[in-house]
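Welcome! Open your viewer, get ready to select a few residues, and follow along one stop at a time.

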Amino acid sequence: GTFAVKSEQVVYGYKDHIKIDVDHLLIRSMETTTASSHDAKTDLVEQDDVAAYRDKGYFGTQLPPGIVDKTMQRAVRGRKLNGGEQKRNYSISKIRCLGERPFSVLKYVFHAGYTYVKTLARVSIKEHFKGIAYNLYQLGTLERKRIATALNNT
């Protein structure tokens, strides 16, 4: 792994980039990179996607035509965000917060906060298996919700 400085703190290791389905919260695509690689180098947006809800790390990168750009705005040197841009970021964050659930489930349910292998290939394989485990867990959650909804409707 490599290191990156985030909020004046050195962070070692790897980063997971995921694309989830907003309706079912299932991981649809996943990629693992080293900590020092920039977020904009890893883009999981595909041609058949409707919208891309991306964080500020993707600010300034282009999307394929026909995809709604929901990238959060970032203040730049000498210019703060205006009120409309702040409201837009807030509305985007309501959707983006759903993407944090897989990381929370992996950390607190599966106790998978750390990966103890060294190479990117091995870390990538382990992270993909964690993604599969999360999707199976989420399918159980969806089934419980479906059964609860069916019981409430009768």
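**Stop 1: the core**

Start by selecting Ile 20, Leu 25, Ile 27, Met 30, Val 105, Leu 106 and Tyr 134: these 7 residues form the largest nonpolar core of this predicted model. E3 and H2 are the elements that give two or more residues to this core.

Now click on Met 30.

**Stop 2: helix H3**

Next, select residues 120-153, which make up helix H3. H3 has 34 residues and spans 48 Å from its first C-alpha to its last, close to the 50 Å expected at 1.5 Å a residue.

Colour the buried residues of H3, including Val 123, Gly 131, Tyr 134 and Thr 141. The buried residues of this helix pack against strand E2 (9-20), strand E3 (27-34) and helix H2 (101-108).

Then show Ile 125, Phe 129, Ile 132, Leu 136 and Leu 139, which make a nonpolar surface patch of about 530 Å². Ile 132 counts as partly exposed because its relative accessibility is 47%.

**Stop 3: two loops**

Most residues other than glycine have a negative phi. Select Glu 8, in the loop between strand E1 (2-6) and E2: Glu 8 is not a glycine, yet has a positive phi of about 60°. Is Glu 8 buried or exposed? Glu 8 counts as exposed, at 81% relative accessibility.

Finish at His 111, in the loop between H2 and H3. His 111 is not a glycine either, and has a positive phi of about 50°. With a relative accessible area of 67%, His 111 is exposed.

Methods
Residues numbered from 1 in each chain as written. Predicted model: local features only at pLDDT ≥ 70, side-chain atom pairs only at ≥ 80, totals over all residues. Heavy atoms only, no water. Patch = residues over 30% accessible without salt bridge, like charges linked within 9 Å, V, L, I, M, F, W, Y side chains within 5 Å. Areas by Shrake-Rupley, 256 points an atom, 1.4 Å probe, with all protein chains shown as cover. Salt bridge = Lys/Arg side-chain N within 4 Å of Asp/Glu carboxyl O. Helix = DSSP H or I, 4+ residues; strand = E, 2+ residues; numbered from the N terminus. Buried < 20%, exposed > 50% of the residue type's maximum accessible area, 1.4 Å probe, protein only. Expected span 1.5 Å × (residues − 1). Contact = heavy atoms within 4.5 Å. Core = buried A, V, L, I, M, F, W, Y, C linked by side-chain atoms within 4.5 Å.
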